[in-house]
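Here is a short briefing to read alongside the model. Keep the sequence and the 3D view open as you go through the points.

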Amino acid sequence: MGKRFARTAPMGHTLLGVVALTSTHAFAQSEALPFEALDWQPYSREEAAGQLCRGRYVMPGYRLPGEADPETLSVETASADYAQDGEALLRGDVVLRRGDSELQAEQVFLPGSREQVDAEGNLVLRNGQALVRGDQAMLRLNEDRATVDNSHYVLYESHLRGQAAQLEQTGENQYRLHSASFTTCDPGENTWELVSSDIRLNQAEGFGTARNARLKVKDVPVFYWPWVRFPLDDRRHTGLLWPTLGFSTDGLDYAQPFYWNIAPNHDATITPRFMSDRGLLLNGEYRYLFEQSQGMIEGGYLANDGGTSTGDNRFEGEDRWYIDAQHQGRMNPRSNYALRYGAASDGRYFDDFGAEFGRSDRVAMERLAQIDYRGDLWQLDARAQGFQRLEDPLSDSDKPFYRLPSLTANTTDWQFGGGFYGQWRSNATYFWRDIDETLVPEREAATGSRLHLTPALGWRFERPWGYIEPRTELWSTAYELDYGALETDRATSPTRNVAITSIDGGLVFERELDLGSRGYRQTLEPRLNYAFVPRTDQTQLPEFDSRERAFSWDQLWSPHRFSGADRVGDLNRISYGVQSRLIEDANGRDRLTFGVGQSAYFAERRIDADGDPDTLPDRPEENPFVNPQSRYQATRDRSPLVTRLDWQITDRFSTGYEWLYDDQREQTERSSVDLRYRHPEGHVVNLGYRWEIEGFDPGVIPGDDGFRDYSREEWDLSVGYKATPQIDLIGRYLYDQTNDRALEQLAGIQWNDCCYGVQVVWREWIDDNDTAQVGDDFSDRGLFLRFVFRGLGGVGQGANTYFDQAIPGYRPTAL
């Protein structure tokens, strides 16, 4: 053992600084070191399961024990020579430790002034977080300055390693690296590395910059930056994000996001996107956050659309754009406000340029100014609101109304005692839209104001074994209308007053049940509901926001046949049903819920969109422009039999089922089945089946975009599979059995490696061209690529978002 001694010395800051310097993104061009010299520890076979990397960096134990005083410098050396002026030369296996920092070298020279340390020969610096090896080093003890020549270094926690011809500390937490490189790949596997002639690091701010930077993949240069900025930690920093590359029938599609960290509460993402067939699309997003408010502005602009390879783009040569600005905040603990403005150059902007991997989910652009108040009794809301509907072509009758403004005043329930309660709902709205009044039905041609009051009075008697609740609502509505240039005999100040009465009641029976050594509570819950709405003439009323609802389980128990306030559907019916639940006693979770019910009608339902109480809807054979089911639905004496099931079969399997069966015509009107599988390791399978008779939704008529002149039958299969910790597989197949065609086909693979990730998605889909015609539907397809180099910048976006959204319930390995 060499000589060991300890003394207090002001060496700590520089030693710590040199080691702290290694918590950076830097490295150089010398020969690779043996893996063990980088403190590399391969995983055992058992440890390797579930890991992306083959091992980890682990600091070995300190050569010297720690001192009670962290400022004490401990030294061990084979020999030491001292001069009269205080100079010291330590030789042999020299080890110096102060606090958590330890230096090893073959020779260390200390001048008499003790202001500098010169070390050389197999230099090793460790501090528990990082490792630095080099040929020689100079440390200024009274300044934040040091240099290490021909260095290799490792960040243990970040799985980062690299080299630098010279590593220089230029100030407190400021470093400069010459002829440097770095990578996050395992030793011996330089899948990628960033090489630069000059890297500057600012640990205090958490970012670095590099000049003449080259990205190498398998030692082949693939990208060059004259100057690039990258993060050193998890703080948000300006820099390039992960790109997206797509190949489709239209050509090449490349998007390169750039993230700009303007301030701690402001940031922006700028994404130039090059499409070989259309040109350069510039997208941008700006976000901000304050103590009482937050917001976002996003948009895109393409000058002079270059058209498509198929030549069927009617927007060729036009400027295409969109903007969506949102702001919301809190005025006080009871009041919030929101502002939003969205607009697009045309209704097919998002169909052509939508989201990643060819998807587009936007159907409208909202414009909103809104403020609310939530008190103990009153809830108030004031808003101006409108939408741009994203369809092309868009007929005047499909244009949505603006609410300029809409004022709402509602109360919580007033409790009068003895189970009696009261409610107040009220709304005043001015409806407007810019249309040619002669191109829409008369009832849709009006603009104007509507005052709608709906006070209610009810009584609820409730016990653990059951309940009963009679209730009456009064719908009182008044209008002031303007038909513009349209000549009409319709009233301009119509009113309507109608009472909606219902009685709802049910019983609850329970029993204890043991199934498969598990304890359950099974319930049997019969329910009876009666509703009466008198037939009221509404032919003079406009149609601002009402639509007849499709039948469902919830509609069994609701007296409202229409959404909105412009129509009150006549109703005289009784609904009866029963529901049974299987409840796990251990946690109170519903393991199974099964229900069946039906409605019996005592009168025809004559009120439809026209509001005429005296006539029934036309027969479809007499009028091809009516919903083919409307006449039958208005005259049938009982509803379809509704059956539903939600069943958590096992911890892995669950299913949901709904069936609407017409026992008079002995045919299914609508059915849906979903079978879901969730594996503990993350595998997911979803299988769905849908059947819907033509015209099932009474609010959709021939000519509407949502109408289909056939009974729809579809299968939907989606799979997410974690083949290994490195491989995620996804797939989806949506099949239109009625028309014998695939609506969507998708297959994707995500490769997850220790230092990079790759997503490849192939997708083919049907675009309905915003019409109800099957004949003009067309297919599109594309191959999309996204890649991520771990540790090479990028914050603010999730690279695996699409894999999350494409397969319900699937969570891929995070890139």
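Which side chain does arginine 712 meet in a salt bridge? The partner is glutamate 714, with an N to O distance of 3.5 Å. Please bear in mind that this is a predicted model. The points below cover its disulfides, nonpolar cores, a hairpin and salt bridges.

**Disulfides**

- The structure holds two disulfides. As a reminder, a disulfide is a covalent bond between the sulfur atoms of two cysteines.
- One of them is formed by cysteine 53 and cysteine 754, whose sulfur atoms are 1.9 Å apart. The torsion about their S-S bond is about 80°, so this disulfide is right-handed.
- Cysteine 53 sits in the loop between helix H2 (45-48) and strand S3 (55-57), while cysteine 754 sits in the loop between strand S48 (741-752) and strand S49 (756-767), so the pair ties together parts that are 701 residues apart in sequence. Both cysteine 53 and cysteine 754 are buried.
- Cysteine 185 and cysteine 755 are also joined by a disulfide, with an S to S distance of 2.0 Å. This link is right-handed too, with 75° about the S-S bond.
- Here again distant parts of the chain are linked: cysteine 185 is in the loop between strand S12 (174-183) and strand S13 (192-202), and cysteine 755 is in the loop between S48 and S49, 570 residues apart.
- Cysteine 185 has a relative accessible area of 1%, so it is buried. Cysteine 755 is buried as well, with a relative accessible area of 1%.
- If you number the bonded cysteines of the chain in sequence order, the pairing reads 1-3, 2-4.

**Nonpolar cores**

- The largest nonpolar core has 44 residues. Val108, Leu177 and Trp192 have the most contacts inside this core.
- A second, separate core has 16 residues, including Phe551, Leu556, Val642 and Ile693.
- For background, nonpolar side chains tend to be buried together in soluble globular proteins.

**A hairpin to look at**

- Strand S36 (residues 509-515) pairs with strand S37 (residues 518-533) in the antiparallel sense, over seven bridges.
- Across this pairing, aspartate 514 stands opposite glycine 519 in S37.
- The hairpin of S36 and S37 has two residues between the strands, and glycine 516 takes a positive phi near 55° there.

**Salt bridges**

- Side chains of opposite charge can pair when their charged atoms come close. In this model the count comes to 64 salt bridges.
- Back to the opening pair: arginine 712 has a relative accessible area of 30%, so it is partly exposed.
- The side chains of arginine 383 and aspartate 381 meet in a salt bridge, 3.0 Å from N to O. Arginine 383 has 24% relative accessibility and so counts as partly exposed, whereas aspartate 381 is buried at a relative accessible area of 12%.
- Arginine 389 forms a salt bridge with aspartate 398, and their closest N and O atoms are 3.9 Å apart. Arginine 389 is partly exposed, with a relative accessible area of 30%, while aspartate 398 counts as buried at 18% relative accessibility.
- A network of salt bridges links Arg278, Asp305, Arg320, Asp346 and Asp352.

Key: Residues are numbered from 1 along each chain as its sequence is written. This is a predicted model: local features need pLDDT of at least 70, side-chain atom pairs count only at pLDDT 80 or more; totals for chains, interfaces and linings use all residues. Side-chain values use heavy atoms; hydrogens and water are left out. A disulfide is a pair of cysteine sulfur atoms within 2.5 Å. Helices (H or I, at least four residues) and strands (E, at least two) are DSSP runs, numbered from the N terminus. Buried means under 20% relative accessible area, exposed over 50%, partly exposed in between (1.4 Å probe, protein chains only). A nonpolar core is a set of buried Ala, Val, Leu, Ile, Met, Phe, Trp, Tyr and Cys residues joined through side-chain atoms within 4.5 Å. Two strands pair if DSSP finds at least two bridges between them. A salt bridge is a side-chain nitrogen of Lys or Arg within 4 Å of a carboxyl oxygen of Asp or Glu.
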